[in-house]
Amino acid sequence: MKCNVGKTEQIVRIIVGTIIILLGLAFKSWWGLIGLLGIATGLLRYCPVSAILGISTCEVRDKN
């Protein structure tokens, strides 16, 4: 898997995923499980939807 999630987006995905899980627990809703997707894509730094759409926020490294 090629990285397509940058550092800033990674942090945002993990934070938002955690908030969604906590809201799901607070409201006793199964919708909170959606937060796991954000955390997983943040930790793996790969998002299949972004790959399909051709979107990448990863930093490009110079080959110098």
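Me: Which residues make the nonpolar surface patch?
Reply: This is a predicted model. In it, V12, V16, I20, W31, I34 and L37 make a nonpolar surface patch. The patch covers about 600 Å².

Me: Which helix gives the largest share of that patch?
Reply: Helix α1, residues 7-26. Three residues of the patch come from there.

Me: Where does V12 lie?
Reply: In helix α1.

Me: And how does V12 count by accessibility, and why?
Reply: V12 counts as partly exposed, because its relative accessibility is 46%. Exposed would take over 50%, and buried means under 20%.

Me: Switching to the whole chain. How many helices and strands?
Reply: Three helices, zero strands. From the N terminus, the order is α-α-α.

Me: Compact globule or more spread out?
Reply: More spread out than a compact globule, because the radius of gyration is 14 Å. The globule rule gives 11 Å for 64 residues, and the chain is well over that.

Me: What box do the C-alpha atoms fill?
Reply: Roughly 50 × 20 × 15 Å, taken along the principal axes.

Me: What share of the residues is buried?
Reply: 27% of the 64 residues in the chain.

Me: Last one, on contacts. Of those between residues at least 6 apart in sequence, what share joins residues at least 24 apart?
Reply: 71% of those contacts do.

Technical notes:
Residues numbered from 1 in each chain as written. Predicted model: local features only at pLDDT ≥ 70, side-chain atom pairs only at ≥ 80, totals over all residues. Heavy atoms only, no water. Patch = residues over 30% accessible without salt bridge, like charges linked within 9 Å, V, L, I, M, F, W, Y side chains within 5 Å. Areas by Shrake-Rupley, 256 points an atom, 1.4 Å probe, with all protein chains shown as cover. Salt bridge = Lys/Arg side-chain N within 4 Å of Asp/Glu carboxyl O. Helix = DSSP H or I, 4+ residues; strand = E, 2+ residues; numbered from the N terminus. Buried < 20%, exposed > 50% of the residue type's maximum accessible area, 1.4 Å probe, protein only. Rg over C-alpha atoms; globule rule 2.2 N^0.38 Å. Contact = heavy atoms within 4.5 Å.
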